[in-house]
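Student: Hi! Could you walk me through this protein structure?
Tutor: Happy to, let's look at it together.

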Amino acid sequence: MSTAPAELSPGVRRISLDAAGTALSALVCEPAEGPPRATVVAVHGAGMSAGYFDSQALPDFSLLTLGARLGYTVVALDRPGYGLSTDALPEGQPVAEQAATLAAAMRDFGARYPTGAGTFLLAHSFGGKVALLTAADHAPSDLLGVEISGCGHRYAPDAFTGTGASRGGRRSWGPLRLYPPSTFTTCGSIVAPVPSREQADIVRWPEVFRGAAGRVRVPVRFTFAEHEPWWRCDRDALAELRARLTAAPGVHTDRQPQAGHNISLGYAARAYHLRCLGFFEDCLVRGSVAYPPSEAGPPRPGPPGSDQTRPEAAAPARIRSASSDGEPASAV
């Protein structure tokens, strides 16, 4: 593994955050003009680092620069046991402790930088576990939504058996044709060893998820790559996943075509990032619309295709939807 600092996209810079006494390294990119619409906090998976979200393989792969061009501040953190905190936390932290550490880092960022209308979490793989627990138990008051890729609630039957089951093998990538060749010549500086305390927590996730899912109170979107190897993402598994998040005002599942587990490093990166930012835009609209009381008459029409044109939209609804996994959307 290369120890040289990764190259950064134009406009991206390195910062450090104080997570209740633990220094975490991070990458940040802010809009060139004006305050941000909102802030996206990106959380990498096991064996990666913040640079996962600033891929140098091809132009426009970087989530940080794309988000900034669309008016968002994007900050990608190195989780505990990675980057700047490696020496202080050589064994890392279990997932529950990481959630508290992430929340502390978000508070420090919010105290030092403008965050706009609020904060979103965007997380990959093991980082999705940290993000969900943060939303469940340490949610900042301005948390608006959570996007997670490469993380579900039930492992695939062969996730820990057979060829390539160990983390770091070909299984974590899927078909190599889904990535530009330059991915494998530029990613050496963004991969990292998995800390031992994190590794020990991996198999316990299904139980942890069952206990925490009902405490998440913001919209959540799960994305699974077309060639996702680690998680069950069949119709029944996705229905159960959505049903577990009983307090979330909206739960959506999606499939990303032509993608492997490491979506943000492959050809589908830009398409996936745009879908994420579209979800965040939906959350911003939902949070900014003031519906009139029922006695004031029918609500004014909203944008074409929006829920604002329907009287029933005035009442909060828990949404359970699936956009491209073959299951019809439903509203409860």
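Tutor: We'll go through the cores, a helix, the salt bridges and the aromatic rings. This is a predicted model, where local features need pLDDT of at least 70, side-chain atom pairs count only at pLDDT 80 or more, and totals for chains, interfaces and linings use all residues. Residues are numbered from 1 along each chain as its sequence is written, and side-chain values use heavy atoms, with hydrogens and water left out.

Student: OK, how many residues are in the largest nonpolar core?
Tutor: The largest nonpolar core has 55 residues, and Leu77, Leu121, Leu132, Val146, Phe222 and Leu245 have the most contacts inside it. Apart from that one lies another core of 37 residues, including Met48 and Leu64.

Student: What counts as a nonpolar core?
Tutor: It is a set of buried Ala, Val, Leu, Ile, Met, Phe, Trp, Tyr and Cys residues joined through side-chain atoms within 4.5 Å. Buried means under 20% relative accessible area, exposed means over 50%, and partly exposed is in between (1.4 Å probe, protein chains only). In soluble globular proteins, nonpolar side chains tend to be buried together.

Student: Switching to helix H7, which residues there are buried?
Tutor: In H7, residues 235–244, the buried ones are Ala237, Leu238, Leu241 and Arg242. They cover an arc of only 130° around the axis, so they sit on the same side of H7. That arc is taken from the directions from the helix axis to the C-beta atoms. Helices (H or I, at least four residues) and strands (E, at least two) are DSSP runs, numbered from the N terminus.

Student: And what caps the N-terminal end of H7?
Tutor: Asp234 does, with a side-chain oxygen 3.2 Å from the backbone nitrogen of Asp236. Asp234 also forms a salt bridge with Arg232, their closest N and O atoms being 2.8 Å apart. Asp234 counts as partly exposed, at 31% relative accessibility, and Arg232 is partly exposed too, at 30%.

Student: How many salt bridges does the whole structure have?
Tutor: A search finds 14. A salt bridge is a side-chain nitrogen of Lys or Arg within 4 Å of a carboxyl oxygen of Asp or Glu. One of them joins Glu198 and Arg79, with closest N and O atoms 2.7 Å apart. This pair links distant parts of the chain, 119 residues apart: Glu198 is in helix H5, and Arg79 is in the loop between strand E4 and helix H2.

Student: Why is the pair of Phe160 and Trp230 tilted?
Tutor: Their ring centres are 6.4 Å apart and their planes are at 45°, so the pair counts as tilted. Phe160 is partly exposed at 43% relative accessibility, while Trp230 is buried at 9%. Together with Tyr155 and Trp231, Phe160 and Trp230 form one aromatic cluster.

Note on methods: Polar contact = N/O pair within 3.5 Å; in protein donor to acceptor, adjacent residues only side chain to side chain. Phe/Tyr/Trp six-rings, centres within 6.5 Å; stacked < 30°, edge-to-face > 60°.
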